[in-house]
Amino acid sequence: MTFPTQSVLALAATLARYAAVAVSVTLAVGCRGLPGAQGARFASLDQLATTPDAAGELIYDGAVYDPQRSAQQEPVFTYQRRVRAEGSRRVSTHLTRGPDDAALLSLTATHAPNYDFVDLTQVNRQNQVVGSARMRDEHHLAFERTRAGRTRTRIERVDVPVVVGPTLFGWALEHWDALSRGEVFELRFAVIDDARTYACELREVEAQAGTTVFSFAASSALVRASVPPMRLVFDTKTRKILRYEGRVPPMLARGKRLAPLDARVEYTFVAPAYR
């Protein structure tokens with residue numbers, strides 16, 4: 001899951017004075033990167049695709065559908081969630097493949113067992129962006145992003161919990177009871193493509209005997225105009241994620257260009273529970 005391109009959001013941020021929310025320091029912009037190092041990241045993506053078991057236990061398979069197409073369709077993308085232990089922490093990896101089974105994108109997050117964020121590494125073959133986001137301390141998040149051989153680094157101050165794609169569902173599960181009582185959590189969603197975070201709110205919007213739905217939405221109305229609220233649909237009894245509706249990291253070819261995809265993702269569990 002991701003947010004719009006930086007140019008669109010930069011305009012929205014200016015109009016809404018959104019930049020005032022997060023105090024940050026830009027360390028370097030437009031510095032020359034190392035194409036060889038970037039190539040090594042893509043080689044690691046291919047290695048992961050060849051030996052996915054190295055990323056740990058398979059938790060679920062995700063089938064990504066384009067809601068604009070007919071109901072009788074094949075997934076436009078597939079991805080797997082895998083988790084392995086690393087000392088007292090966990091490492092969760094999402095590997096996305098195209099219809100031809102080619103590896104397109106990997107997101108690897110290190111986090112505590114309660115899903116408190118430590119770091120994220122991204123390798124995206126579609127837009128040629130590789131990078132990382134890492135908590136330097138309790139209140140500072142460091143970004144590094146390389147695109148076309150140019151590297152940008154940035155430090156942002158954060159005063160609320162940070163989540164990313166591989167930790168969002170787990171964070172919701174850890175706070176299920178509080179969400180069910182009506183509590184609303186302010187979080188910041190880290191986006192490596194933009195080398196920044198976005199303020200979001202997580203809340204329960206529907207609770208039935210069969211399913212419980214949480215909404216994850218940008219706090220800014222202007223950002224929500226570009227990225228509709230995301231819906232996390234869980235089985236109420238087992239607390240397994242059943243379906244996700246919203247923006248996903250891979251983009252879809254529409255005509256001659258790649259466009260952001262607001263998808264429907266259906267999950268098939270292999271492990272007995274989410275982790």
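Visitor: How many aromatic pairs does a search of the whole structure find?

Guide: The search finds 15 aromatic pairs. Rings of Phe, Tyr and Trp (its six-membered ring) pair if their centres lie within 6.5 Å; planes under 30 degrees apart count as stacked, over 60 as edge-to-face and the rest as tilted. This is a predicted model, in which local features need pLDDT of at least 70, side-chain atom pairs count only at pLDDT 80 or more, and totals for chains, interfaces and linings use all residues. Residues are numbered from 1 along each chain as its sequence is written, and side-chain values use heavy atoms, with hydrogens and water left out.

Visitor: Why is the pair of Tyr115 and Tyr274 called tilted?

Guide: The ring centres of Tyr115 and Tyr274 are 6.2 Å apart and the planes stand at 45°, so the pair is tilted. Tyr115 sits in the loop between S5 and S6, and Tyr274 in the segment after strand S16 (257-269), so the pair ties together parts that are 159 residues apart in sequence. Strands (E, at least two residues) and helices (H or I, at least four) are DSSP runs, numbered from the N terminus.

Visitor: What makes Phe169 and Tyr274 a tilted pair?

Guide: Their centres lie 6.4 Å apart and their planes meet at 55°, so Phe169 and Tyr274 are tilted. Phe169 belongs to helix H3 (residues 165-174) and Tyr274 to the segment after S16, so this pair ties together parts 105 residues apart in sequence. Ring pairs also link these residues into a cluster, whose members include Tyr60, Tyr115, Trp176, Phe234, Phe169 and Tyr274.

Visitor: How do you know that Phe169 and Tyr274 are buried?

Guide: Buried means under 20% relative accessible area, exposed over 50%, and partly exposed in between (1.4 Å probe, protein chains only). Phe169 has 2% relative accessibility, so it counts as buried. Tyr274 has 12%, so it counts as buried as well. Across the chain, buried residues make up 50% of the 275 residues.

Visitor: What makes a set of residues a nonpolar core?

Guide: The set must consist of buried Ala, Val, Leu, Ile, Met, Phe, Trp, Tyr and Cys residues joined through side-chain atoms within 4.5 Å. The largest such core has 57 residues, and Tyr60, Val64, Phe169, Phe216, Leu232 and Ile241 have the most contacts inside it. Another core lies apart from it, with nine residues, among them Ala55, Ala103, Val123 and Val130. In soluble globular proteins, nonpolar side chains tend to be buried together.

Visitor: Which residues is Ile241 in contact with, leaving aside its neighbours within four places in sequence?

Guide: Contact means heavy atoms within 4.5 Å. With those neighbours left aside, the partners of Ile241 include Tyr60, Phe169, Leu232, Tyr267 and Tyr274.

Visitor: Why does Asn127 count as buried?

Guide: Asn127 has 19% relative accessibility, so it counts as buried. Its place is the loop between strand S6 (117-124) and strand S7 (129-137).

Visitor: What makes a polar contact between the side chains of Asn127 and Asp193?

Guide: A polar contact is a pair of N or O atoms within 3.5 Å; within protein, one must be able to donate a hydrogen and the other to accept it, and residues adjacent in sequence count only if both atoms are side-chain atoms. The side chains of Asn127 and Asp193 are joined by one of 3.0 Å. The side chain of Asn127 also reaches the backbone nitrogen of Val129, at 3.0 Å.

Visitor: Why is Asp159 called exposed?

Guide: Asp159 has 52% relative accessibility, so it counts as exposed. The residue lies in the loop between strand S9 (150-157) and strand S10 (162-163). Its side chain makes a polar contact of 3.2 Å with the side chain of His139. Another, also of 3.2 Å, joins the side chains of Asp159 and Arg157.

Visitor: How do you know that S7 and S8 pair?

Guide: Two strands pair if DSSP finds at least two bridges between them. S7 and strand S8 (residues 140-147) have eight, in the antiparallel sense. Arg134 stands opposite Ala142 in S8. S8 and S9 are likewise joined by eight bridges and run antiparallel, with Glu144 opposite Thr153 in S9.
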